[in-house]
Amino acid sequence: MLFASLLGYNPVRTLLGPVLGHLPPAQAAFLTSRGFFPTLISPAFAQGLSAAFGFAVAACLVAALASLLRGGRYVYGEGTATGSASPALPR
């Protein structure tokens, strides 16, 4: 329904199609107006966006902390017979 409203369709008119004839004209006009559906979904949409961005910030902070705690640069050993990795030596 959200994408239908963004494309210019009136989802309330589509959902209430046959029922709109049984409603008083003022109520039918209110339900199918351009402002009813956006006003109806905007609080839930804003709450969902807040939750998504809050999670993204928390995930970035956890990743930054993990990156800080992992230590120095790690370079794989070159020319060793076993091919094992060794930490980089400071220069």
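Modeller: The protein chain contains 4 helices and 2 strands, where helices (H or I, at least four residues) and strands (E, at least two) are DSSP runs numbered from the N terminus. Their order from the N terminus on is α-α-α-α-β-β. The model is predicted, so local features need pLDDT of at least 70 and side-chain atom pairs count only at pLDDT 80 or more, while totals for chains, interfaces and linings use all residues. Residues are numbered from 1 along each chain as its sequence is written, and side-chain values use heavy atoms, with hydrogens and water left out.

The part to examine is α4 (36-69). This helix has 34 residues and reaches 51 Å from its first C-alpha to its last, close to the 50 Å expected at 1.5 Å a residue; the expected span is 1.5 Å times one less than the number of residues. Within α4, a kink of about 40° lies at Ser 42, shortly before the proline Pro 43. The bend at a residue is the angle between axes fitted to the seven residues ending there and the seven starting there. Just after α4, Gly 71 takes a positive phi of about 100°.

Thr 32 counts as buried, at 13% relative accessibility; buried means under 20% relative accessible area, exposed over 50% and partly exposed in between, with a 1.4 Å probe and protein chains only. Leaving aside residues up to four places away in sequence, Thr 32 touches Asn 10, Arg 13 and Leu 20, a contact being heavy atoms within 4.5 Å.

Phe 36 is also buried, with a relative accessible area of 19%. Rings of Phe, Tyr and Trp (its six-membered ring) pair if their centres lie within 6.5 Å; planes under 30 degrees apart count as stacked, over 60 as edge-to-face and the rest as tilted. This rule gives 1 aromatic pair. The rings of Phe 30 and Phe 36 have their centres 5.3 Å apart and their planes at 65°, so the pair is edge-to-face.

As for the chain as a whole, buried residues make up 8% of its 91 residues. The mean pLDDT (the predictor's confidence in each residue, from 0 to 100) is 79, and 76% of the residues reach 70 or more. Confidence is highest in α4, at a mean of 91, and lowest in strand β2 (residues 86-87), at 56. Where pLDDT is low, the predicted coordinates should not be read in detail.
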